[in-house]
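Here are my notes for a first look at this model. Please keep the sequence and the structure open as you read.

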Amino acid sequence: MTGGATDAAALAAALAPPRALGPPVAAAEVRAAAEDFVVEEDLGFAPAGAGAHLLLKVRKTDANTPWVARELARHAGCRPQEVGYAGLKDRRAIAIQWFSVPRPRTPLDLSGVHGEGYEVLAWHAHHRKLPRGALAGNRFVVRLRASDRDGAALAERLGPRLALIVARGVPNYFGPQRFGRDAANLAAPPQEAARLSATERSLRLSAARSVVFNALLAARVADGSWERLLAGDLANLDGRGSIFPVDAADEALAGRCAQLEIHPTGPLWGEGEPGTEFSVRELEMRIGGGFAAECARCAAAGMTQERRSLRLRVTELSCAAEPDAVVLRFRLTRGGFATAVLRELVGAG
């Protein structure tokens, strides 16, 4: 991409990357209503019970995360930038999400604080601001409305594909919401960057990084290597940030990869070059070269080279039929998009 134009290759990688497990097995309507898509954060730790901050458990409905953060800042009497949250959550959904605010000098009971689209369910003292990424994962409850209004038949069609997803996982694509409506977050001409707010700048940088990752993952889905380790890969442990090199074929590592304990990773672009080797490095450099403007934007912002798993493990997966729909329940590690799971199952109904 050059300038502010979004080219066809970028849009394909961002919005319509190849599926790994075959075409959708059924048609269904997703998010007919906000209550059809429920996500709850799993922090992975308990509030400290004391400290200079408050952790707030908030339920939001059809509301975006930054707006709720500003509302909480108003109630807590702090600046919006002092509000912490682990990550953005979909607007068209019900989200049970954690926020933090500085503890007010004057005691303040935030229980039951509410406004349009949000309600504080509980609050706890904590020792620090909640940083981005500070959660173990997310649990989802998603209702898929059958196009023929036959929930039992839809559940039967989904069954074999759900078993395949449990056994193999899904490509860990960034979802289309990362790129904004009509991929608007990808259109960020350098000359306009100075006029963007800090939030808008962050969204544009995240989109630039994500489209490069999606393009690389799409290439590895196409050649079948998204779920196996190659010599020169950088691998990571499932649900962990630990990264280690794969020097050559190793039966023990291959076995652990087949068991979804270890995954190959792809680049989250920043300064310098990826630390992969051999054909893996060649592919990543070629993909990066095809998105030179996006890579340069990330490097200029001072981002460092990081890694993200190419594969997303889906756990606690269940499917229950309703008269005209099915309800899926599953858990994903942090950073995983439910859309990456749903697109391997159903098409638009």
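1. Which residues does Ala125 touch, not counting residues up to four places away in sequence? They are Pro47, Ala48, Gly49, Ala50, Gly51, His53, Leu54 and Arg103. Contact here means heavy atoms within 4.5 Å. Ala125 is found in strand E7. Helices (H or I, at least four residues) and strands (E, at least two) are DSSP runs, numbered from the N terminus. Ala125 is buried, at a relative accessible area of 9%. Buried means under 20% relative accessible area, exposed over 50%, and partly exposed in between (1.4 Å probe, protein chains only). From Ala125 to Leu54 there are 71 residues in sequence, yet 4.5 Å in space, C-alpha to C-alpha.

2. A word on the basis. This is a predicted model, where local features need pLDDT of at least 70 and side-chain atom pairs count only at pLDDT 80 or more, while totals for chains, interfaces and linings use all residues. Residues are numbered from 1 along each chain as its sequence is written, and side-chain values use heavy atoms, with hydrogens and water left out.

3. Confidence comes next. pLDDT is the predictor's confidence in each residue, from 0 to 100. The protein chain averages 92, and 95% of the residues score at least 70. Residues 1-6 stay under 50; the model has 15 contacts beyond four places in sequence for them.

4. Now the nonpolar cores. Such a core is a set of buried Ala, Val, Leu, Ile, Met, Phe, Trp, Tyr and Cys residues joined through side-chain atoms within 4.5 Å. The largest has 55 residues, of which Leu144, Val211 and Phe330 touch the most other members. Helix H4 (residues 198-222) gives this core its largest share, nine residues. A second, separate core has 18 residues, including Ala63, Val83, Val101 and Val120.

5. Val211 deserves a look. Leaving aside neighbours within four places in sequence, Val211 is in contact with Ala10, Ala13, Ala14, Phe179, Leu186, Phe291 and Glu294.

6. Glu294 leads on to helix H7 (residues 292-300), where Glu294, Cys295, Arg297 and Cys298 are buried. They sit on the same side of H7, because they cover an arc of only 160° around the axis. The arc is that of the directions from the helix axis to the C-beta atoms. H4 and helix H6 (278-290) are among what covers the buried residues of H7. Gly302 follows H7, with a positive phi near 85°.

7. Helix H2 (residues 65-76) is next. Its buried residues are Thr65, Val68, Ala69, Glu71, Leu72, Ala73 and Ala76. They pack against strands E3 (53-61), E4 (84-85), E5 (94-102) and E7 (118-126). At the start of H2, a side-chain oxygen of Asn64 comes within 2.9 Å of the backbone nitrogen of Trp67. Just after H2, Gly77 has a positive phi of about 70°.

8. Arg331 lies in strand E16 (residues 325-333). Is Arg331 buried or exposed? Arg331 counts as buried, at 14% relative accessibility. Its side chain makes a polar contact with the side chain of Asp42 (2.9 Å). A polar contact is a pair of N or O atoms within 3.5 Å; within protein, one must be able to donate a hydrogen and the other to accept it, and residues adjacent in sequence count only if both atoms are side-chain atoms.
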